[in-house]
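Let's take a walk through this one together. Have the sequence and the 3D view open side by side as you read.

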Amino acid sequence: MRLLRPSSPVARRHSARLGPILAVVSTSWLAGCYSYQPLTAIPAPSKATVRFVFTADGAKQLRDVAGFEMRQLDGTVMRTLADSAVVVKPDAIVTVDGDELPWRRAELVVPWRTVERGQRRTMDKKRSRGFAAIMGAAFTGVVYFALKSIAGGSGTTLQPGGGVPE
């Protein structure tokens, strides 16, 4: 049986390979799988993650506030203003030209009359379970082959005997 010294170059190389893989797997695991469902409740619930697709007239109305015409907005509902508007903290927008841009400005008041379609981001349990199963299988495979490689690798072996020469 071959044993690797923890400080050997082979052991360090294998642990260096596993680090980024484990980071990607754990980050992906926390991300989950989401889908957008039609927004059924108006006013939208506070702190809901939403996507608004604007009408052509609505995009023109919001041009004065935003500085350009928006086709779509993804963000978080901060509060509602009666049944006429919602205050959103945008994360990203898509212009009518198709440009995807991050939003680095303040909150935006969105009148409901400007919205063609409202959607709410929800966790898709079926896709999340499938994703978790695939990631679990991939992780198991990586660990299996890493351990197999380390155990059968060409690293240094510990041999009984002599010790340090004098």
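**Strands, rings and a core**

Start with strand E1 (residues 34–38), which is joined to strand E7 (residues 115–123) by five bridges, with the two running antiparallel. Strands here count as paired if DSSP finds at least two bridges between them. Within that pairing, Tyr36 has Arg121 in E7 as its bridge partner.

Before going on, a word on where this comes from. This is a predicted model, so local features need pLDDT of at least 70 and side-chain atom pairs count only at pLDDT 80 or more, while totals for chains, interfaces and linings use all residues. Residues are numbered from 1 along each chain as its sequence is written, and side-chain values use heavy atoms, leaving out hydrogens and water.

Now step back for the overall layout. The protein has three helices and seven strands, and along the sequence they follow the pattern α-β-β-α-β-β-β-β-β-α. Both kinds of element are DSSP runs numbered from the N terminus, helices (H or I) of at least four residues and strands (E) of at least two. Of the contacts in the protein with a separation of 6 or more, 65% are between residues 24 or more positions apart; a contact means heavy atoms within 4.5 Å.

Back to the strands. E7 is also joined to strand E2 (residues 49–54), again antiparallel and through five bridges. Here Val50 has Arg120 in E7 as its bridge partner, and Val53 stands opposite Arg117 in E7. E2 also pairs with strand E3 (residues 70–81), in the antiparallel sense and over five bridges. Val53 turns up in this pairing as well, opposite Gln72 in E3.

Tyr36 has another neighbour worth a look: the charged end of Arg51 sits over its ring, 3.9 Å from the centre. That label applies when NZ of Lys or CZ of Arg is within 6 Å of the ring centre and within 35 degrees of the ring normal. Arg105 does likewise over the face of Trp103, at 5.1 Å from the ring centre.

What about rings meeting rings? The count comes to three aromatic pairs, where rings of Phe, Tyr and Trp (its six-membered ring) pair if their centres lie within 6.5 Å, with planes under 30 degrees apart called stacked, over 60 edge-to-face and the rest tilted. One of them is Phe68 with Trp103: the centres are 6.5 Å apart and the planes are at 75°, so the pair is edge-to-face. This pair links distant parts of the chain, 35 residues apart, with Phe68 in the loop between helix H2 (56–66) and E3, and Trp103 in the loop between strand E5 (100–102) and strand E6 (108–111). Trp103 counts as buried at 9% relative accessibility, whereas Phe68 is partly exposed at 21%. The cut-offs are under 20% relative accessible area for buried and over 50% for exposed, with partly exposed in between (1.4 Å probe, protein chains only).

Finally, look inside. The largest nonpolar core has 19 residues, and those with the most contacts inside it are Phe52, Phe54, Met70, Leu73, Val86, Val110 and Trp112. The elements giving two or more residues to this core are E2, H2, E3, strand E4 (85–95) and E6. Such a core is a set of buried Ala, Val, Leu, Ile, Met, Phe, Trp, Tyr and Cys residues joined through side-chain atoms within 4.5 Å. Across the protein's 166 residues, 30% count as buried.
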